[in-house]
Amino acid sequence: MTGPARSTGVRGTVLLAAVGYAVACAVRAAHHSGRFPGGSGRWERVNHAGKPITLTGGIALAAGTGLPLALVDPPAALAVTGATLAGAADDLGESVQAKGLRGHLQALRAGRVTTGAVKIGVIGATGLASALWSDHHGRGVGLHTVAAAGLIAGGANLANLFDLRPGRALKAGLSCGIPLLLAGRPAAATAAGASLAVLPDDLAARSMLGDTGANPLGAAVGVAAAQHLTGRGRWTVLAVVTGLTLLSERVSFTGVIESTPVLRSLDAWGRG
């Protein structure tokens with residue numbers, strides 16, 4: 001198959017979600033059994049609470065999301081793969097020289113290339129390539145393709161901004177992805193299935209997504225949204241994603257969530 005998948009219907013997307021779930025579970029099992037390729041120790045980090053935690057949940061999500069898409073929706077698989085590799089490079093590089101989009105761009109202006117800046121470039125490039133490929137075989141390439149590319153890259157970045165507390169990014173991804181799954185979008189289906197597989201460990205703070213998992217989660221939902229929406233819809237959602245991204249440079253999402261009772265309850269739901 002050389003082009004993007006058309007809407008597959010609910011039955012097809014439920015099947016894809018099951019495949020994504022199974023692949024992610026297989027990766028988790030390899031980690032828990034000590035047979036993780038390259039060893040699990042390389043992916044150990046310290047979370048927001050100062051406790052040791054593994055990033056292999058992010059690898060499981062990325063594999064469960066991207067591998068099935070390679071067979072049914074290659075453009076979506078391209079976006080997910082680019083986001084995964086860029087996120088992994090940032091996680092392993094552990095760049096602490098700059099924080100946030102503004103920080104990485106300021107570092108570039110000063111002549112310093114951070115792993116975060118490389119990640120932005122890779123996700124932007126693969127997001128654009130995915131959008132061009134998808135629209136070329138779909139509604140045709142046009143100005144709306146720019147919005148699609150922005151949705152993919154913006155979604156990848158926004159999911160990462162939510163990955164600051166156990167389960168938060170996964171809940172946001174599922175909230176956006178499940179309606180797109182029901183609309184028959186393969187990328188949303190595999191992302192939802194893989195997310196459900198890693199959610200228990202994420203909520204219990206036994207694993208976290210890191211950039212390796214959060215970026216492909218957001219990219220997959222962004223691809224699904226771009227494939228589903230009209231040109232005007234793409235620009236509207238892109239405006240929301242861009243607004244939230246810019247807002248994050250000035251306002252703490254965690255602070256807003258913890259000061260809002262409804263959001264605080266949703267955010268805390270399911271945590272061990």
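Mentor: Let us begin with a term: a salt bridge is a side-chain nitrogen of Lys or Arg within 4 Å of a carboxyl oxygen of Asp or Glu. By that rule, R28, D201 and R206 are linked in a network of salt bridges. Please keep in mind that this is a predicted model, in which local features need pLDDT of at least 70 and side-chain atom pairs count only at pLDDT 80 or more, whereas totals for chains, interfaces and linings use all residues. Residues are numbered from 1 along each chain as its sequence is written, and side-chain values use heavy atoms, with hydrogens and water left out.

Trainee: How many helices are there in the protein chain?

Mentor: Helices (H or I, at least four residues) and strands (E, at least two) are DSSP runs, numbered from the N terminus. From that end on, the elements run α-β-β-α-α-α-α-α-α-α-α-α-α-α. The chain has 2 strands, and its number of helices is 12.

Trainee: What share of the 272 residues in the protein chain do buried residues make up?

Mentor: Buried means under 20% relative accessible area, exposed over 50%, and partly exposed in between, using a 1.4 Å probe and protein chains only. By this rule, the buried share of the 272 residues is 50%.

Trainee: Which side chain of opposite charge is nearest to D202?

Mentor: D202 lies in helix α8, and the side chain of D202 reaches the backbone nitrogen of G167 at 2.5 Å. Lys and Arg count as positive and Asp and Glu as negative, while His and the chain ends are not counted. D202 is buried yet has no salt bridge, and the nearest side chain of opposite charge, 7.3 Å away, is that of R271.

Trainee: With which residue does R271 form a salt bridge?

Mentor: R271 counts as partly exposed, because its relative accessibility is 29%. The closest N and O atoms of the pair are 2.9 Å apart, and the partner of R271 is D267.

Trainee: How many residues apart in sequence are the parts that R168 and D267 tie together?

Mentor: The side chains of R168 and D267 meet in a salt bridge at 2.9 Å, N to O. R168 lies in helix α7 (residues 168-182) and D267 in helix α12 (residues 261-268), so the parts they tie together are apart in sequence by 99 residues. As for burial, R168 counts as buried at 4% relative accessibility, and D267 counts as buried at 9%.

Trainee: How far apart are the end C-alpha atoms of helix α5?

Mentor: The expected span of a helix is 1.5 Å times one less than its number of residues. Helix α5 (residues 115-136) has 22 residues and should therefore span 32 Å, which agrees with the distance between its end C-alpha atoms, 31 Å.

Notes. Polar contact = N/O pair within 3.5 Å; in protein donor to acceptor, adjacent residues only side chain to side chain.
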